[in-house]
Amino acid sequence: MAFEIMSGSQAAAVAVQRTGIDLVVAYPITPQTAIVETLANFDARGELGGEFVSVESEYAALACCYGAAAAGARVFTATASHGLAYMHEVIHWCSGARVPVVMANVNRTIGAPWCLDPDQGDSLSQRDTGWMQIYCSGAQEVLDTVMQAYLLSEELLLPCMVVFDGFYISHTYEAVDVPDEDSARAFIGPPSFEAQVKPGSPANLHGLTTGDNQVKLIRNRHEAMLRAPDLFKTINSKFAETFGRSYGVIDSVIPPGAKTVILAAGATAETVRWSLPKLDNTGFIQLRMFRPFPREEICSVLETHGVEKVVVIDRNCSTGMGGIFAQELRSAVYDLNNPPAVQDIILAGGIDLTFEMLESIIKEDKYQGQVEQIWGVDLK
Amino acid sequence: MEQLTQDFLRTKKLPHIWCPGCGNGIVTAALVRAIERTGFDQKDVVIVSGIGCSSRAAGYLNFNTLHTTHGRALAFATGLKMARPELKLFVIMGDGDCSAIGGNHFIHSARRNIDLNAIVVNNHIYGMTGGQHSPLTPTGKKATTAPGGTLEPAFDLLKLARGAGATFGAKGNAAQPRQLEQLIIRAANHKGFSVVEALSPCPIAYGRRNKLGGAVDMLREMKEKSISVERAANMDEAELEDRTINGVLFSDDAPEYAEAYYRSIGKDIG
Ligand code: SF4
């Protein structure tokens, strides 16, 4: 292991190279491009270990991943924003077809109008597509999560999206502890899943079926995904043994007596984590796994600590409703005996979260009590 | 002339974002002068663009302008043209935008022979995202997604257009902007789907990686390699190797789609 200075995008690419990838499929889109470029450089130096193909669109990129995964290959692609939106049909198709695919999505606002800032609405609008989604708060986490995503995806036969914020994570550099190739490959092992397309054994895949059959497939997929939190824990204990660090589906820091907790996913989680010592009596939950939603884990933390209020940082907005993480949380805590109040901080458009904003949310009188929704722009 | 050209620019939006030496400004200026020469009413002109460096031109031009999604500019423009057939539409696209992600819309616009003027700024690369190879990157040229040189053959865009049904195709370049201007005027006056492929230097994301020198070197090479359709007609294949044939490569007659449609519902849009 060695520390290297790298961006979040490079960290994603290095992780992919370390897995012993079979196929990388690339199509450029800001702010993701550095991921596939780094992989292209591995390829040019003969160090990728697999094939590298660049195609004519994001749709083609994911379709190509699907084809290779159906043939038993370990695959990767990366995209952002409009690229992800354009893939939408194949995103559903991959999970319906139960092929393991790992894709990085670098959050960026979806237009119109054009905007490059890291709104999370791109990945969140793929919430119901049957993909696991894991949000990362820094480059180290990106590297580790991409590696772990292969084990999750190949075991559950469900695709997994590793998500991180454009620019704040994709383009900023930090010291990253990079596993050497041998230990990374020993940790992940070769692809363990069965190919759907097998030479010499022809099959008709994914043809027309009836609703009665489809419901069984949907249920299987749902039940498979519900296994993800436990599997993630197992993968992380093994990861900790090998590499000395690990992650939960959520991570929490709740000081004794704290009745207010801030919940965040992605880069804003890092801002909250670093602000915590200066925010009296406030706890923190980093939402890492979003699909499946770690309801049990969150509720257990909230109940154990008797949390009365959760401030949710939503760098997104479902028009007509509000922040998506807040909605999910409200639904998750609904059955608790003493559900906490949920306050939604909307940073849609990808606007930045500052310490001063957090301070006014936690300390100013006008934001206490029953204020359900606060627009980040009003805090500036 | 000077003043009128200024009227066609949103000067408040300037300076533009293009790199020093980029050909996008030259192509945009040729387009502006061409529109001026056609005498089209400013309020009837619509500029539609997709995504990429060249597509930023829509923001700088003082007409009705529509900046759309990657590869889809022609589809947006088709809707506009069908609803308001009297409008004069210029669709600015880059090579990746037009021929990769937007390839489908390109061939179907050609097939319909709808009266749109596609200005394809071909710099052989995805410039805005930092230099990935496109379907118009010549085989062997380097890109960030092909650091050892791309293995893929490139499209011949104008042959593709004609094969799909386009009725006007011309090729020009940023090194010969007056000729480019004339080609755009011809395209604008042609009824049907017109494609003007404008070769343009991208010294930053393409030239540098392929050791083609600076913008001036790239423009010089562009000019030296270029040969007119008329002169090329008397040359054999060996002589034409590595040359770019410039000018109007085809101009055919076929029914235009919007006109045919309106006639079918009993309206004559002339
Ligand atoms: S990257 Fe290339 S095409 Fe884009 S503005 Fe710069 S020189 Fe022009």
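Which helix of chain B gives the most to the shell around the ligand? Helix α9 (residues 203–207) of chain B does, with three residues. The model is predicted: local features need pLDDT of at least 70, side-chain atom pairs count only at pLDDT 80 or more, and totals for chains, interfaces and linings use all residues. Residues are numbered from 1 along each chain as its sequence is written, while chains are lettered from A and ligands numbered from 1 in the order in which they are written. Helices (H or I, at least four residues) and strands (E, at least two) are DSSP runs, numbered from the N terminus.

The ligand shell is described next. A residue is near a molecule or strand if its C-beta atom, placed from the backbone, lies within 6 Å of it. The residues around the ligand are W18(B), C19(B), C22(B), N24(B), C53(B), N123(B), G127(B), M128(B), C202(B), P203(B), I204(B) and A205(B). By class, nine are nonpolar, three are polar and none is charged. Here Ala, Val, Leu, Ile, Met, Phe, Trp, Tyr, Cys and Pro count as nonpolar, Asp, Glu, Lys and Arg as charged, and the others, Gly among them, as polar.

Chain A also touches chain B. Two residues are in contact if their C-beta atoms, placed from the backbone, lie within 7 Å. The contact takes 15 residues from chain A and 17 residues from chain B. On the chain A side, helix α2 (residues 33–44) supplies the largest share, six residues. That side of chain A divides into seven nonpolar, six polar and two charged residues.

Helix α2 of chain A also packs within its own chain. Two packed helices are described by the angle between their axes and the distance between the axes. Axes are lines fitted to C-alpha atoms, for helices over the stretch in contact, and angles run from 0 to 180 degrees between N-to-C directions. The axes of helix α1 (residues 8–18) of chain A and α2(A) come within 8 Å and cross at roughly 45 degrees. That makes α1(A) oblique to α2(A). Angles under 35 degrees count as roughly parallel, over 145 as roughly antiparallel, 65 to 115 as roughly perpendicular and the rest as oblique. α1(A) passes α2(A) in a right-handed crossing. A crossing is right-handed if the near helix is turned clockwise from the far one by less than a right angle, and left-handed if anticlockwise. From α1(A), the contact uses S9(A), Q10(A), A12(A), A13(A), V16(A) and Q17(A). From α2(A) come A34(A), I35(A), T38(A), L39(A) and F42(A). This contact has seven nonpolar, four polar and no charged residues.

Burial marks α1(A) as well. A residue is buried if 20 or more other C-beta atoms lie within 10 Å of its own, exposed if 12 or fewer, and partly exposed in between; C-beta atoms are placed from the backbone. Eleven of the eleven residues of α1(A) are buried, so the helix is largely enclosed by the rest of the structure. Among them are G8(A), V14(A) and R18(A). G20(A) follows α1(A) and has a positive phi, near 75 degrees.

Helix α2 (residues 24–38) and helix α8 (residues 177–189) of chain B pack at an angle of about 50 degrees, with their axes 8 Å apart. α2(B) is therefore oblique to α8(B). The crossing of α2(B) past α8(B) is right-handed. Residues of α2(B) in this contact include I26(B), L31(B) and R33(B), and those of α8(B) include P177(B), E181(B) and I184(B). The contact divides into eleven nonpolar, two polar and three charged residues.

Several local backbone features remain. The peptide bond from T30(A) to P31(A) is cis, with omega near 5 degrees. P31(A) sits in the loop between β2 (23–26) and α2 of chain A. Another cis peptide bond joins A112(A) and P113(A), with omega about -10 degrees. P113(A) is in the loop between β5 (102–107) and α6 (121–124) of chain A. In chain B, K211(B) is not a glycine, yet has a positive phi of about 50 degrees. K211(B) is exposed, with 8 other C-beta atoms within 10 Å. D242(B), also not a glycine, has a positive phi of about 70 degrees. D242(B) counts as exposed, with 6 C-beta neighbours inside 10 Å.
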